[in-house]
Amino acid sequence: MDFKKVKKSFSRILGWLGLHLCSLIIKITPDRFIYRFAKMISSLAYYFARKQKNIAFDSLKIAFGEEKGKEELDRIVRQCFDYIAKSAVELMFLMNKPQLLKDRVDIVGRENLEKALSRKRGVILVSAHFGNFPLLLGRLAVEGYKTAGIMRPMRDSRVEKVFLEKREKFGVKTIYSQPRHLCVNNTILSLRNNELVFIPIDQNFGTAGVFVNFFGRKAATATGPVIFAQRTKAALIPCFILRQKDDRHKIVFEPALDLQEGSNPQETVLINIQKLTDIIETYIRKYPAEWGWIHRRWKSQPS
């Protein structure tokens, strides 16, 4: 018997049951109590998810080195767990409440988005697993923008199905990152239809991407946004969603990035992916608890 597989299957069953239980509780929980419920989930996760907690501490040490002391790192990790729990609860609570979603999420820099859409070439929203980014997609879809997101399917197909249904209820189209040819074709089709395509580029991309500097260390990074922009002439707009002190949210659209040409196509991709990564790093430095530190971002390194 493979005990590792049994343990993994058992963990997924527990996760599946926990997801449904939380969903049922949120359905009957008054608005003013949902963040108390999120705090309870966060406290349990912080205590039991020791592997993820250790990854978060390791990632923060890589990123900040001696810049931040242990007490500050502890605070960021704890707040990161709080924000992840709040984001999950918000998604379940707001999925059938479009007007409430509009009321709770403001948009800043809309003129940058509208200017890009007026070119009729589509818009690539470059971002990260930062803040409640699924809420960002839902808010844009509710506002009437044709919105798609490139997603990695979750390992548990049952959980993936639940979140796929939530995205569809918001009106968000899902483009799966695999198979690759379908991802490419569906993305190009969406851009040619002048849609928004959300692409996060902040997770380890193995040997398939390029290595750029991220917090002073090389990080394997996806090249999709720049390559799609080259092929379709779509605008590249960095965008982020920020949690406010009262748990409202603010979506920020930066000005479109003008592609800088290198001496060859490969250098052009590298230069511009570095520029986009620098913008993401700037936001993470300013709002460190908003980013998902529980991912091994620097796992792959150049040989």
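Select Lys-86 to begin, which counts as buried at 18% relative accessibility, where buried means under 20% relative accessible area, exposed over 50% and partly exposed in between (1.4 Å probe, protein chains only). The model is predicted, so local features need pLDDT of at least 70 and side-chain atom pairs count only at pLDDT 80 or more, while totals for chains, interfaces and linings use all residues. Residues are numbered from 1 along each chain as its sequence is written, and side-chain values use heavy atoms, leaving out hydrogens and water.

Asp-247 lies in the loop between β8 (235-243) and β9 (249-253) and Lys-86 in helix α4, so the pair ties together parts that are 161 residues apart in sequence. Helices (H or I, at least four residues) and strands (E, at least two) are DSSP runs, numbered from the N terminus.

Glu-90 sits in helix α4 (residues 70-94) and is buried, with a relative accessible area of 1%.

Staying in helix α4, select Asp-82 and Arg-78, which lie four residues apart, about one turn of the helix, and form a salt bridge whose closest N and O atoms are 4.0 Å apart. Asp-82 counts as buried at 13% relative accessibility, whereas Arg-78 is partly exposed at 25%.

How values were computed:
Salt bridge = Lys/Arg side-chain N within 4 Å of Asp/Glu carboxyl O.
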